[in-house]
Structure formats: C-alpha cells, structure tokens
Protein chains: 2
Amino acid sequence: MLKAEIITSGTELLLGEIADTNTSYIAGQLAGLGINLYYTSTVGDNFERYSGVLKQAWERSDLIITTGGLGPTQGDITREVVSALLGEKMTIDPGLKEELTQFFTRMHIDMPDNNLKQATLIPSAQALHNTAGTAPGWWVEKEGRTIIVLPGPPREMQTMWQNAVRERLEKKRSAYIMSRVIKTWGMAEANVDLLVTPFLKSANPTLAMYANPDGIRLRITARADSLKRAEELVAGRERDIRELLKDKIWGIDDDTLERVAAKRLLQKKKTLAVAETFTGGLLARSLSSVMELKELFRGGLVIMGGARAGWELGESSPETAIKLARLAREKFRAEIGLAIDGPEVTGQSLPGGKVFIAIEGDGNDEVFPPGYLGRLDQMAWRTVNHALFLLKDFVDR
Amino acid sequence: MLKAEIITSGTELLLGEIADTNTSYIAGQLAGLGINLYYTSTVGDNFERYSGVLKQAWERSDLIITTGGLGPTQGDITREVVSALLGEKMTIDPGLKEELTQFFTRMHIDMPDNNLKQATLIPSAQALHNTAGTAPGWWVEKEGRTIIVLPGPPREMQTMWQNAVRERLEKKRSAYIMSRVIKTWGMAEANVDLLVTPFLKSANPTLAMYANPDGIRLRITARADSLKRAEELVAGRERDIRELLKDKIWGIDDDTLERVAAKRLLQKKKTLAVAETFTGGLLARSLSSVMELKELFRGGLVIMGGARAGWELGESSPETAIKLARLAREKFRAEIGLAIDGPEVTGQSLPGGKVFIAIEGDGNDEVFPPGYLGRLDQMAWRTVNHALFLLKDFVDR
C-alpha cells in the first residue's frame with residue numbers, strides 16, 4: 001500500500017510568520033483518494049536541512065509531495081534540493097522559457113533574469129503547468145518513487161493540484177474512502193458525544209467529532225473496495241445521525257452557514273439587507289462573499305458606537321435590534337432585514353446579556369437574545385453564525 | 001543544544017478538514033526563545049500511530065510539544081499515549097477535579113462524566129492551568145527530557161503558552177535570536193529581491209523575503225550571545241533596508257495596514273466612514289476590528305450591485321467613487337470618507353481597469369485606479385489593503 005509524505009518548505013513557516021494551509025489541503029485530497037498519509041513535516045529554506053528531510057522521505061515513502069521554494073529568489077531552493085538528491089543536472093527547457101517570457105510580455109513587465117530558473121527541468125522530471133503563476137511544478141518518477149514538486153502560494157498549488165496532479169494520482173489509489181462531515185449548530189460538544197456514543201466505537205464507518213466556530217461537526221468515514229459500497233456505509237450512518245440530531249443539523253461537507261442561508265433566499269427569491277453594530281461588517285462580508293447571492297443581497301449598514309446617536313439608536317435592546325432590521329430593509333429596499341446589535345464594547349470583551357439578533361420581513365419580526373459573552377472577535381463570529389442559522393429558518397417558513 | 005519537536009494531533013488535521021495553526025504559533029515562539037526546532041509532524045487520533053510518532057520524538061528530541069487530544073471525547077487520547085510511553089498510570093487529581101467541577105457550576109451546566117478524564121495526572125506530570133477552557137495541560141519531566149502537552153483549540157493553547165509555558169522555557173534557551181519583519185506595499189517580489197541582493201547572502205543577520213496579500217515582506221534575523229548584540233545587528237540591517245525601500249515600507253512585525261492607518265487617524269483625531277461595493281464589507285470589517293479606533297471609525301455602507309440604482313450610483317468611474325466617499329462622510333457625519341468601487345462582477349472574476357479608490361476630507365479629494373484584475377476574493381483583499389495604504393498617507397499630510 002502506497003505510503004505518502006508531505007514536506008512543506010519555507011523558513012517563514014518554521015518561524016511561525018505564516019500558517020501552513022498546504023498540508024491540510026493536500027492531506028484532504030490524499031484522504032479522498034484513499035492514499036495513506038504517514039508523515040508530514042515542515043523545513044526551512046536551508047539547503048542541508050531540506051536535503052536531509054527529503055532524503056529521509058525518499059527512504060521511507062513511495063510518494064513525496066513538496067510545496068514551496070519554487071519562486072524566483074535566491075531563497076527558493078526546492079529544485080536544487082531535488083536535483084541534488086537524485087544526482088541530476090538542472091537545465092533550462094526551451095518550451096518553459098518561452099511560456100515564461102510570454103507571461104511577462106502579457107503583463108507588460110520586463111522579465112527579471114532570476115525568473116529564468118523557473119524554466120528549468122531535470123531528466124526525471126516532467127513540468128506541471130502553472131495556470132495561476134510563473135513557477136511550473138515538477139512530476140518526478142525514479143526508482144519506483146514519485147516526487148511531486150508544487151509551488152507554495154496556496155492558490156497556485158491548488159490549481160495545479162486540480163489540473164495536473166489529481167487525476168494522475170487517481171491511478172495510485174489503494175481503496176475507496178468516502179467521508180461526510182455533518183455540521184450542527186446549538187449543541188455542546190460533550191452532549192453530542194453522549195448522544196452518538198454507540199457510533200464512536202464503530203470501526204467502519206468511523207465517526208469523529210470536533211468543535212468549530214460554526215458549531216459541532218461530525219465526520220463519518222467509510223472504507224471499501226468499491227465507491228458504491230463506501231457511499232452506502234456513509235449514507236447509512238448519516239441517516240442514524242440525522243435521526244438523533246434532527247434540526248440541529250444545518251449542512252454537510254463544504255456547506256457554510258452563509259451558503260445554506262443564501263440557498264433558501266434563492267429558492268424563495270427574497271431580497272435581503274443587513275444592519276450591524278459590534279460585528280463591524282462581518283455579517284455583510286459573509287453574505288457578500290456568496291457569489292450566487294449578488295442580486296438578492298442588496299447591502300448593509302455598519303454603525304459603530306460613535307455613530308449610534310446620528311442614526312437615532314438607543315441602547316442595545318430588542319426594540320433597537322428590530323429598528324436596525326427595519327432600517328436595513330428601508331435603506332436598501334429589501335424584503336428581509338437582518339440585524340445584529342450589541343452593547344457598548346469595553347476593552348477586548350463583550351459584556352454579556354445584551355446581544356440581539358432581529359429578523360424582519362413579510363409582516364413578521366423576531367428577536368433572539370443569544371446571551372453570548374467573552375472575547376470580542378470570537379463573539380462576533382459566533383453571533384454572525386447564529387444570525388445566519390436563524391435567517392435560514394426564517395426564510396424557510 | 002536543545003532539539004525541539006512539535007507534534008500536533010487530530011485526524012481532522014490529517015484529513016485536511018481544519019488547518020493547523022498551532023505549529024506555526026509554537027514555531028514562532030520557539031524561534032524567539034532561540035530554541036532550535038528540528039521536526040514538526042501531525043498525527044491522527046489513532047493510539048498506535050500516535051504512540052509511534054511520540055516514541056520517535058522521545059528518541060531524537062529533548063523537548064517535545066504536543067497539541068490536541070485533551071478534550072472530553074473518546075477520540076481524545078493524548079494523555080493515554082503519553083502515559084503509555086512513560087509506563088505511568090493516570091489517576092484523578094482531587095485538586096483538578098475540584099476546579100473542573102467549579103467550572104461547570106459557574107456555567108450552570110451539569111458536568112458530563114466523560115469530562116472527568118480532564119482531571120487526571122501521571123507521577124511525572126505537573127498540571128498546566130487552562131484559563132480558557134476545561135482541559136489542563138501537562139508539563140512532563142523525565143530522563144532529561146521534557147514533554148509539554150497542550151490543548152488543541154488555538155486560543156486555549158496560546159493562553160496556556162503565555163501563562164504557564166513561555167517563562168519556564170526561557171531557562172532552556174541556548175542563544176538570543178532577534179527577528180524583525182519589514183512590510184512593504186507596491187513593489188514586485190523579483191524587484192525587491194534585486195534591490196536587496198547583497199544582504200541576502202549575509203549569514204548573520206540573515207535576510208529573507210516573501211510575498212503576502214499585504215505586500216512583500218522582508219525578515220531580518222540575527223543570532224548573538226546577548227539580546228543587546230542581536231538587537232544591534234537587526235537595527236543596523238533595518239537601517240540599510242529603509243534606505244533602499246523608503247516610503248514603500250508601511251510597517252514592521254505585528255503591524256497591519258488597518259492598525260497603521262488607525263494610528264494616523266488617532267494622532268490627527270480624524271473621524272472616518274467608508275462606503276464600498278464589490279468588497280462587500282471587507283473594508284468596514286478591517287477597520288472595525290481595530291479596537292483603538294472604536295470612537296473614530298463611525299461605520300460604513302455596503303452597496304451591492306442590485307442596490308446601486310436606489311443609491312443613485314452610476315457605473316463605476318472616478319466620479320462615482322468620489323460620490324461614494326462623500327456619501328459615507330455625510331451618512332456617518334465623519335471628517336474623512338474612504339470609498340472602494342468596482343465594475344459589475346461577472347462570475348468569480350473582476351473585469352480589469354474599473355476599480356477605483358477615493359478619499360475625501362478637509363476640502364481635498366483623490367481618486368486612485370489600482371488597475372487590478374483577477375479572482376474576485378483576491379482582488380477584494382488587494383483593493384482593501386491598497387485603500388488602507390492610501391488612507392495612511394492621506395491622513396499624514
């Protein structure tokens with residue numbers, strides 16, 4: 001069975017200046033392909049240390065995936081490290097050089113000389129086209145092992161994965177693994193744990209749970225010889241869970257609360273506007289990030305403390321929240337108004353008990369006091385997620 | 001010299017469902033302490049695999065830091081894995097049990113039985129107090145090695161690090177390492193690389209550069225026997241870089257464009273309001289997230305495509321951008337209005353050439369056409385960062 005290993009490189013990762021999201025992306029992709037991931041590691045832009053990590057990987061794994069170190073600068077050394085390990089010489093590939101030159105011509109920029117090393121190859125490597133940047137990747141096959149060399153910027157890496165890597169790896173899969181994540185809102189982790197206890201001990205499908213800002217998630221994973229059988233195992237367990245958790249479940253897999261709420265708005269063709277205070281634009285941004293909603297989401301008002309008087313808003317109360325929801329509807333001529341209000345913020349924390357979410361539309365209005373308290377940025381996220389959860393149900397009725 | 005290793009655990013990490021931010025945080029902390037980080041890895045919630053990774057770490061490292069697996073559920077196994085490695089028995093500590101019970105009493109929740117394992121210790125472990133959650137960490141000392149067992153939720157982990165771990169690790173430092181990150185806006189990576197080439201080859205201090213959504217960053221790192229000497233080395237190189245890059249530099253280290261812009265507003269005591277279209281609340285949210293600005297940032301308007309007519313906005317143009325900036329000032333009675341406008345969005349991309357940033361205040365107004373094009377979410381971030389960079393200079397004059 002294929003053993004895979006991920007190596008992400010970049011001193012900025014080891015020094016903690018940026019977070020590594022590539023490992024989790026690739027890990028997720030490998031899981032979906034039924035390829036076992038045994039090791040992941042991070043190494044700095046240092047030739048000897050990087051070489052050491054790669055050599056160890058070459059000795060213990062069949063499939064090595066690297067990210068980073070393909071840029072034009074002198075600190076970018078992945079090609080050099082791979083070439084040295086395999087004892088092969090890098091040469092400039094005329095076709096890659098031509099593509100690179102054309103890229104810079106299109107951008108109306110003179111190509112700096114140090115970009116030229118992005119056009120190099122070694123005999124064991126085939127180039128992986130980069131449609132989102134200048135650095136091609138490498139697909140290296142040698143002595144029964146595969147090294148896949150990918151760029152570090154997440155968007156370039158992911159685009160290359162989808163266009164040039166995924167399908168080729170399909171052929172290396174050893175089993176069909178199917179996962180589904182069930183997303184809930186409004187339950188405590190330990191209580192969900194107690195409810196699903198019998199399923200936590202099952203070996204296939206397995207069930208795992210964890211807490212997220214958008215609620216408690218449950219992950220069902222099944223392994224089988226065929227995709228169909230794996231899907232059946234997952235679907236059966238999903239039915240068990242849905243019976244237990246019912247309307248606490250708001251979505252699965254890639255669903256987000258904003259997309260789930262957006263879907264209901266699209267089904268009912270209702271326009272929406274928002275008004276918010278202490279969340280400072282987070283609610284508007286969540287909804288504006290859903291492309292499908294661009295006609296129905298009309299916009300939002302962000303009213304910070306110093307501007308409350310100018311908009312004739314009193315202290316935070318159920319009445320003020322309704323007033324905000326109405327204001328949003330009127331200013332943006334929308335059918336539904338959704339509002340979040342909170343108390344005057346002092347320091348980094350939100351005083352408890354005075355957060356309100358109001359929804360108004362179709363002659364109905366509703367106010368919810370979530371009763372949150374705690375660190376301001378966490379409470380902002382929690383309240384926005386709660387508001388989207390409530391919006392979904394409001395539109396549904 | 002101390003060799004450190006980080007192990008983050010959680011099957012959700014290996015399956016790519018959430019990104020691991022703990023490794024980068026701890027890596028950064030260790031770097032600041034002059035402790036060498038040699039390995040980082042991630043392992044799932046599987047007893048045998050986790051035990052294998054921990055045993056290897058025990059054999060090759062002096063300082064092992066784990067995160068995750070301390071929750072109340074059956075999938076949380078870090079305590080069990082550490083106890084098994086050391087051949088020690090977990091027992092409930094009466095003091096920890098009391099604290100846990102009190103926590104649940106304060107929250108007016110009955111304590112589920114499965115939370116009890118969070119009150120266990122082994123003979124080699126001392127508890128690390130968790131002020132942000134229910135799971136205490138462990139500080140284990142045995143056979144000249146140290147294992148620091150931390151919770152997985154980033155806020156709990158970071159709070160515990162700052163309160164109970166950092167100071168104790170200070171005593172294990174082997175050198176003084178000092179880093180500074182210089183942040184720039186408005187230059188291409190390859191061009192910065194050419195400008196700073198002589199410094200990229202220096203061994204102490206070192207210089208590294210990388211691209212970020214808020215511009216190109218340069219990191220200076222110096223190593224010395226005393227903190228004072230390390231600081232001198234960094235300060236000297238910072239002067240060199242500032243001479244080269246001048247007003248392209250907008251901040252250092254933890255600075256963010258929104259905080260830098262906020263600082264200028266606070267110095268000049270100017271109130272601000274914003275209006276934005278395709279960025280959908282991102283500009284408002286950036287500014288509202290700066291606590292110090294809560295009096296001066298009055299709020300914002302988010303006007304999506306479908307609501308443009310209602311606000312009497314024509315096609316995106318320099319005039320429309322100025323109109324939006326004025327609208328923001330008027331509606332929120334602010335001294336400065338900052339606006340972002342863009343063309344009608346089609347699909348996931350932004351058509352080029354029609355993005356405008358306008359600033360108005362004190363009888364002046366200015367419009368900038370950044371000329372961005374590309375994927376919508378990236379362009380939204382880039383435009384917001386550009387607007388904040390321009391705001392800083394506008395307030396400065």
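A polar contact is here a pair of N or O atoms within 3.5 Å; within protein, one must be able to donate a hydrogen and the other to accept it, and residues adjacent in sequence count only if both atoms are side-chain atoms. The model is predicted, with local features needing pLDDT of at least 70, side-chain atom pairs counting only at pLDDT 80 or more, and totals for chains, interfaces and linings using all residues. Residues are numbered from 1 along each chain as its sequence is written, chains are lettered from A and ligands numbered from 1 in the order in which they are written, and side-chain values use heavy atoms, with hydrogens and water left out.

**Exercise 1. Describe the contact between chain A and chain B.**

Begin with the residues: taking contact as heavy atoms within 4.5 Å, chain A contributes 78 residues and chain B contributes 78 residues.

Next, take the buried area, which is the accessible area (1.4 Å probe) that two parts lose on being put together, summed over both. Between chain A and chain B this comes to about 6100 Å², with 53% given by carbon and sulfur atoms. Of the area that chain A buries against chain B, Q74(A), R285(A) and M291(A) supply 10%, more than any other three residues.

Then turn to the polar terms: 18 residue pairs, both at pLDDT 80 or more, are in polar contact between the two chains, whereas the count of salt bridges (a side-chain nitrogen of Lys or Arg within 4 Å of a carboxyl oxygen of Asp or Glu) between chain A and chain B is 0.

**Exercise 2. Find which strand of chain A gives the most to this side, and what it pairs with.**

Helices (H or I, at least four residues) and strands (E, at least two) are DSSP runs, numbered from the N terminus. Strand 14 (residues 297-303) of chain A gives the most to the side that touches chain B, with 7 residues. Two strands pair if DSSP finds at least two bridges between them, and here 5 bridges join strand 14 of chain A to strand 14 (residues 297-303) of chain B, the two running antiparallel. Within this pairing, I303(A) stands opposite G299(B).

**Exercise 3. Determine how chain A is related to chain B.**

Superpose the copies by least squares on the C-alpha atoms of residues with pLDDT of at least 70 in both. A rotation of 180° with 0.1 Å of shift along its axis brings chain A onto chain B, with an RMSD of 0.1 Å. The relation is therefore that of a two-fold axis. The same surface serves both copies, as 100% of the contact residues of chain A recur in chain B.
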